[in-house]
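Here is a friendly briefing to read with the model open beside you. Which side chains pair up, and where do they sit?

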Amino acid sequence: MAEDEEEEGRGDTPPPPFSDQVLENVLENVLQFLSCRRDRNSASLVCRSWYAAESQTRHDLFVGNMYAVSPYRAISRFRRVRALVLKGKPRFADFGLVPFGWGAGFASWANAISPNCPSLERLTLKRITVSDADLSLLARSLPFFRDLTLLCCDGFGTLGLAAIAENCKRLRVLDLIDNVLIDEEEEELVDWVSRFPASPTCLESLAFECIDVEVNFVALEALVARSPSLRRLRVNQHVSIGQLRRLMARAPQLTHLGTGAFGSGGGVLVVGDLESAFASSRSMVCLSGFRELDPEYLPAIYPVCGNLTSINFSYTDISVEQLKPIILQCHNLQTFWVLDTVRDEGLQAVAETCKDLRELRVFPLHPTEDSEGSVSDFGLIAISKGCRKLESILYFCQRMTNAAVVTMSKNCPELVVFRLCIMGRHRPDRITREAMDEGFGAIVMNCKKLTRLAVSGLLTDKAFEYIGKYGKSVRTLSVAFAGNSDLGLRYVLEGCPKLQKLEIRDSPFGDAGLLSGIHHFYNMRFLWMSSCRLTRSGCMEVARRLPGLVVEVIGDRYLDEENQAIEKLYMYRSLAGPREDAPPFVKIL
Amino acid sequence: MSFPPNPNPNPNPRPNARDIEEERETEMSIETERSSTESEVSGLDYEETALTLGLPGGKRGFSETVNLGIKSSLIEARGDSSGDRSDESPDCNASVAEKPPAPKARVVGWPPVRSYRKNALKSCTFVKVQVDGAPYLRKVDLEAYRGYEQLLVALQEMFSCFTIRNYPNEERKLVDPVNGTEYVPTYEDKDGDWMLVGDVPWKMFVESCKRLRLMKSSEAVNLAPREARR
């Protein structure tokens, strides 16, 4: 190297540091600016010193499938990790397709982290079973722990929360979202809110909408009062509207508010008083909650509507008449979650005002196959015409047309996520009675940025041909009750090079379709197929040819050797090999 | 593009579940008008369903019994019609490939809505019960009751100050024995109208009731008579 040669030429100067060490220092200093994990993954492949430097400097570790790597291996490579994201069960577990006891327990990771990861500050867990003991262990072992986010997890209760509150002195974020708590008897319930230290806290975000237990309000109010950094507060439905007003008075600096019940369960509150509380909340940008809404209180939020960028009304059956006066003021809205009770007309109102809308989710009030369904292709068209910047949509309906989906594909070129759920199975275009192939075809053709797609309705192999041909950026695909033959699956596995997550249920895809993906499975995070036409021999073939995959056959009963038909297949690449915590109803091939 | 109020503006509408329900109701009422003397079922003659304050019938009311008939056939009708809709396409459109037979049973996890959300939304079926003059609200889950009878009993238990007074013409009212005030159960429906409880078949009531209010009899006279509303 030029530098070294120069130095050597001078003679009396001290020997230069080893070039390796220089390189490492330089690399580490440079690499710390790399934040995107994909870039870091690439950098680590360059050579050994880059691998080493990258490992030392990675602060954010993302493990999309906790069974893909053993906790010790992950932690010994990334010793200085500060933030860890871990995901457990496959998404179809949310809909009851993964039997209880399948796995995704946090204990082995907790045991690896607590002695070895002193620098860990932030933890995000999704679809993982976390026990009170796990939470307690973390809380006591990690001196710098500050952010805990639990999404769709289960296995813990108020005892674990108390451990976090009590021991994590630097706690800034405690976000508990859509978790299912263990059943605790009355006498077992712990007043976790009282366990926060008495001194002023660093809390920035506290979300406990899913904790379906009354909290000690006096303690909560006092906590809010001594948390000057608090910006996001999302309370559960046991907090009445009167109590909410008191909390808002304590924290006028809030940006995100989960309003709890927003109903007059516990006494009378004058709307005007509530309205002044909102008027004082000049930084408010996000509202959610409304779990037991009393519509007469809705006007209280008018003062903040103009600034709101996000509203979640999806837990209340708000009508179009109740929605309109609010939504017409929400010019800055970017994220909107709502129930279909607002009807097409309500969506029309959204389309007229919310020109900046990026994300829309319309959930069904009656989530059954034979429900009436209150939104249709009309609502979808209206949204597409008004909200040209739309990036993400989740839409539950019973009536849809290809024409509407095609219209959306043309009007909303920024779409990254398109998830349409026509609730009645195998339902065709409401007008033409044809399959929904053309609609979804147009989406993959016209939406060049599309990475996530969920299809529904009556679909033939043609739809999958379109997806394989045009869906070159698709990373996540969700299929249910669709397709005619193995060809459908083949189109997708052969045509979508970026495909990472594929979940399929109740579709007529068999072994031939499965085997057409052999070349690609190592590039994927996982494949889920349930109630398809797979057989044991097909799955064994995959397992044989791809030893780096863990191929799980999940049965609801103890598997019978004779039984050829496979009910549920879940397979994923893994450095850890077959997991040791598999229950008896899981057979790893 | 104009907004059709009907969410199903199909130019060639197949009868949807609602149409079928209305059809059957008309059938039933014609039938009951004819056979007025027999069992409980047909003891629902016009007089009994005519307007009175209070719930109709000391025995099983009109609405409940009719409902039994309607409900089971509704489920069939819905099952068939949704089955028909999907079965129809292979017959009239040859380009659509063949499909599995119309599904009768519900499947696990479909539609894909998280159980967390399903449970949270259940409380949307809970309706608030307000009593004129009382400072508190209660809630009831209408889907937990099979009919008006049970609901009334539940209300009595909930607001334990009431007793149910039976009138000789078999009306029932909720009465506060302390001061003798009579209360009439009313409800607000989807359209925002206040109606007397007991007007419509039970199932329809459950779907359209937004909240309940036990109104003092003296005020209930302001409600439009049933005949006029029909």
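This is a predicted model: local features need pLDDT of at least 70, side-chain atom pairs count only at pLDDT 80 or more; totals for chains, interfaces and linings use all residues.

Over all chains it holds 24 aromatic pairs and 33 salt bridges.

**Aromatic pairs and a cluster**

- A:Trp102 and A:Tyr570 form an edge-to-face pair, with 5.6 Å from centre to centre and 70° between the planes.
- This pair links distant parts of the chain, 468 residues apart: A:Trp102 is in the loop between β2 (83-87) and α6 (107-116) of chain A, and A:Tyr570 is in strand β20 (residues 568-573) of chain A.
- Both A:Trp102 and A:Tyr570 are buried.
- A:Trp337 and A:Phe363 make a tilted pair, at 5.8 Å centre to centre and 55° between the planes.
- Because A:Trp337 belongs to strand β11 (residues 335-339) of chain A and A:Phe363 to strand β12 (residues 359-363) of chain A, their pairing ties together parts 26 residues apart in sequence.
- A:Phe363 has 7% relative accessibility, so this residue counts as buried.
- One aromatic cluster includes A:Tyr67, A:Phe92, A:Phe95 and A:Trp102, and also A:Phe526, A:Trp528, A:Tyr570 and A:Tyr572.

**Charges over rings**

- A:Arg579 lies over the face of A:Tyr67, 4.6 Å from the ring centre.
- In chain B, the charged end of B:Arg213 sits over the ring of B:Trp194, at 5.8 Å from its centre.

**Salt bridges**

- A:Arg91 and A:Glu503 form a salt bridge, and their closest N and O atoms are 2.6 Å apart.
- A:Arg91 is in the loop between β2 and α6 of chain A and A:Glu503 is in strand β17 (residues 501-505) of chain A, so the bridge ties together parts 412 residues apart in sequence.
- Both A:Arg91 and A:Glu503 are buried.
- A:Arg172 meets A:Glu204 in a salt bridge at 3.5 Å, N to O.
- Here A:Arg172 counts as partly exposed at 30% relative accessibility, and A:Glu204 is partly exposed with a relative accessible area of 28%.
- A:Arg234 bridges to A:Asp175, with the closest N and O atoms 3.8 Å apart.
- A:Arg234 lies in strand β7 (residues 232-235) of chain A and A:Asp175 in strand β5 of chain A, so this pair ties together parts 59 residues apart in sequence.
- Both A:Arg234 and A:Asp175 are buried.
- A network of salt bridges links A:Arg40, A:Glu54, A:Arg58 and A:Arg77.

**Helix α7 of chain A**

- Buried residues of helix α7 (residues 132-141) of chain A include A:Asp132, A:Asp134 and A:Leu135.
- Among the elements covering the buried residues of α7(A) are α6, β3 (122-126), β4 (147-151) and α8 (158-167) of chain A.

Technical notes. Residues are numbered from 1 along each chain as its sequence is written. Chains are lettered from A and ligands numbered from 1 in the order in which they are written. Side-chain values use heavy atoms; hydrogens and water are left out. Rings of Phe, Tyr and Trp (its six-membered ring) pair if their centres lie within 6.5 Å; planes under 30 degrees apart count as stacked, over 60 as edge-to-face and the rest as tilted. Helices (H or I, at least four residues) and strands (E, at least two) are DSSP runs, numbered from the N terminus. Buried means under 20% relative accessible area, exposed over 50%, partly exposed in between (1.4 Å probe, protein chains only). A charge sits over a ring if NZ of Lys or CZ of Arg is within 6 Å of the ring centre and within 35 degrees of the ring normal. Contact means heavy atoms within 4.5 Å. A salt bridge is a side-chain nitrogen of Lys or Arg within 4 Å of a carboxyl oxygen of Asp or Glu.
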